[in-house]
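Welcome, and please have your viewer ready. We will go from one selection to the next, and at each stop I will say what is there.

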Amino acid sequence: AMIEGLAASGGKTLRWTHCVALGQTLQYHWEQGLGTDGSGQPTARSYIQRGGWTHIVLQEFSNLPRVDPESFFAAVRLFKNEIDAWSPGAEILLYENWPYNDAADYAGDLAALRASYSAIAGEIGARIIPVGHAFEQVRRKDGFGKFDPYLITDNKHASVAGSYLSACVIIQTLYRRPRRLLSYRPSELSEGEARLAQIRARQTVRKLNNYRLKPVGLR
């Protein structure tokens, strides 16, 4: 809803769906095969084989790209081949996670995540949605007092504010840096909080992503 709301406030219609299995890896999604899962939701591969996608986002289990990059790479390659077969024009986007907030070496963990995402993105021609680095922008520039609300109390999972920041990074990545602030924000966030999230998302994407493809809108 946040992603669609941000796009709509920029004058774009974005139709978005997702396939979620909490606490699972991309390899798990692959091994689900075709059909539906236990809740009746189509599996990731079933969604892909519907074809016609313009973009497909792959998000790996939290810290796997850092602790076991080869497993991450192997799963991405499987999905790359599937996507190429059923939606050959689709752009693959890799959702970069963030380290745990109480990690002993937060900067090192973030660098390791980035290295893994960069390696496989370069190999398959994907782009990165740099959410982890957007979180770091808030930590570094605004301090922990501003950053704490971006996670729930387990120091791992995103709150409403963190989810909104993630959505802003996705929109910035998809639409290649919209140059104005977008009006959409969830009711839980103030105008100032929404503005800060959009600014940090824009700064992050400008710094870290490549723009080799033609911009698609949102001016």
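Predicted model: local features only at pLDDT ≥ 70, side-chain atom pairs only at ≥ 80, totals over all residues.

The tour below starts at the sheet, moves to a pair of helices and ends with a single side chain.

**Stop 1**

Select strands E1, E2 and E3: they form an open sheet in the order E1-E2-E3, with parallel pairing. At the edges are E1 (55-58) and E3 (127-129), each of which pairs on one side only. From one strand to the next, the twist averages 35°.

Now zoom in on E2 (residues 91-95) and its partner E3, which pair in the parallel sense over three bridges. Which residue of E3 stands opposite Leu 93? Show both side chains and you will find Arg 127 there.

**Stop 1: a helix on the sheet**

**Stop 2: two helices side by side**

How do two packed helices get described? The crossing of H5 past H6 is right-handed.

To see the contact, select these two groups:

- From H5: Pro 69, Phe 72, Phe 73, Val 76, Arg 77 and Lys 80.
- From H6: Ser 116, Tyr 117, Ala 119, Ile 120, Glu 123 and Ile 124.

Colour them by class and the contact shows eight nonpolar, one polar and three charged residues.

**Stop 3: the start of the chain**

Move to helix H1 (residues 2-9). Six of its eight residues are buried, so H1 is largely enclosed by the rest of the structure. The buried ones are Met 2, Ile 3, Gly 5, Leu 6, Ala 7 and Ser 9.

**Stop 4: one glutamine**

Finish at Gln 137, in helix H7 (residues 131-142). Is Gln 137 buried or exposed? With a relative accessible area of 6%, Gln 137 is buried, because the cut-off for that label is under 20%. Leaving aside neighbours within four places in sequence, Gln 137 is in contact with Asp 142, Arg 200, Gln 203 and Thr 204.

Note on methods: Residues numbered from 1 in each chain as written. Heavy atoms only, no water. Left-handed = near helix turned anticlockwise from the far one by under 90°. Helix = DSSP H or I, 4+ residues; strand = E, 2+ residues; numbered from the N terminus. Contact = heavy atoms within 4.5 Å. Nonpolar A, V, L, I, M, F, W, Y, C, P; charged D, E, K, R; others polar. Pairing = 2+ DSSP bridges. Axes fitted to C-alpha atoms, helices over the stretch in contact; angles between N-to-C directions. Buried < 20%, exposed > 50% of the residue type's maximum accessible area, 1.4 Å probe, protein only.
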